[in-house]
Amino acid sequence: QVRLVESGGGLVQPGGSLTLSCAASGFTFSGYTMSWHRQVPGKEREMVAGINQNGDFTNYAESVKGRFTISRNNDLDTVYLQMNNVKTEDTAVYYCNAATWSPNRYVYWGQGTQVTVSS
C-alpha cells in the first residue's frame with residue numbers, strides 16, 4: 001500500500017523556520033521525483049519545490065526561492081522541506097507528491113499538513 005505521510009506542520013511566527021517531512025512507503029522511493037505543493041482555500045494547488053530521483057537537481061517557485069530548501073534521503077525514504085524566513089503568505093496546507101513517468105506514469109499524494117504563519 002502506497003503511503004506518503006507528512007509531518008512537521010504547525011504555527012510559526014513570521015521570520016521563523018519550520019521543517020516539513022514526508023515519509024514514503026509502498027513504492028520504490030528512489031525511482032520517483034518528489035515535490036512539495038501547497039494550497040489555500042479558493043486557490044489552485046501550486047508547486048513549491050521539486051527534487052529529482054538522486055537529489056542533484058532541485059527547482060523552486062519564485063515566491064520561495066532563497067527561503068525554502070527541498071532535500072531527500074533515499075536511505076530513509078523521506079523528503080524534507082526546510083522553510084526559513086517564513087511569511088504570512090506561506091500559510092497553506094502543504095502536500096507531498098511522488099511522481100514517475102517511465103515506464104508508466106504514477107502519481108501519489110500525501111494527506112497534507114497545515115502550516116500557519118502568524119504573529
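**Strand pairing around E9**

Colleague: Which residue in E11 stands opposite Val93?

Modeller: This is a predicted model, and the pairing concerned is that of E9 with strand E11 (residues 113–117), which run antiparallel and are joined by three bridges. Within that pairing, the residue in E11 that stands opposite Val93 is Gln114.

Colleague: Is strand E9 largely enclosed by the rest of the structure or largely open, and how many of its nine residues are buried?

Modeller: A residue counts as buried when its relative accessible area is under 20%. Strand E9 covers residues 92–100, and it is largely enclosed by the rest of the structure because, of its nine residues, the number buried is eight.

Colleague: Over how many bridges do E4 and E9 pair, and which residue of E9 is the bridge partner of Ser35?

Modeller: Strand E4 (residues 33–39) and E9 pair in the antiparallel sense, and this pairing runs over seven bridges. As for Ser35, its bridge partner in E9 is Asn97.

Colleague: Which residue in E5 does Ser35 stand opposite?

Modeller: E4 also pairs with strand E5 (residues 46–51), in the antiparallel sense and over five bridges. Ser35, whose partner in E9 is Asn97, stands opposite a residue in E5 as well, namely Gly50.

Colleague: What is the bridge partner of Ala99 in E10?

Modeller: E9 and strand E10 (residues 106–109) pair in the antiparallel sense over four bridges, and the two form a hairpin with five residues between them. In E10, the bridge partner of Ala99 is Val107.

Colleague: What is the strand order of the open sheet of four strands, and which are its edge strands?

Modeller: This sheet has antiparallel pairing and the order E1-E3-E8-E7. Each edge strand pairs on one side only, and these are strand E1 (3–7) and strand E7 (68–73).

Colleague: Which residue in E3 stands opposite Ser7?

Modeller: E1 and strand E3 (residues 18–25) pair in the antiparallel sense, over five bridges. Opposite Ser7, the residue in E3 is Ser21.

How values were computed: Residues are numbered from 1 along each chain as its sequence is written. This is a predicted model: local features need pLDDT of at least 70, side-chain atom pairs count only at pLDDT 80 or more; totals for chains, interfaces and linings use all residues. Side-chain values use heavy atoms; hydrogens and water are left out. Buried means under 20% relative accessible area, exposed over 50%, partly exposed in between (1.4 Å probe, protein chains only). Two strands pair if DSSP finds at least two bridges between them.
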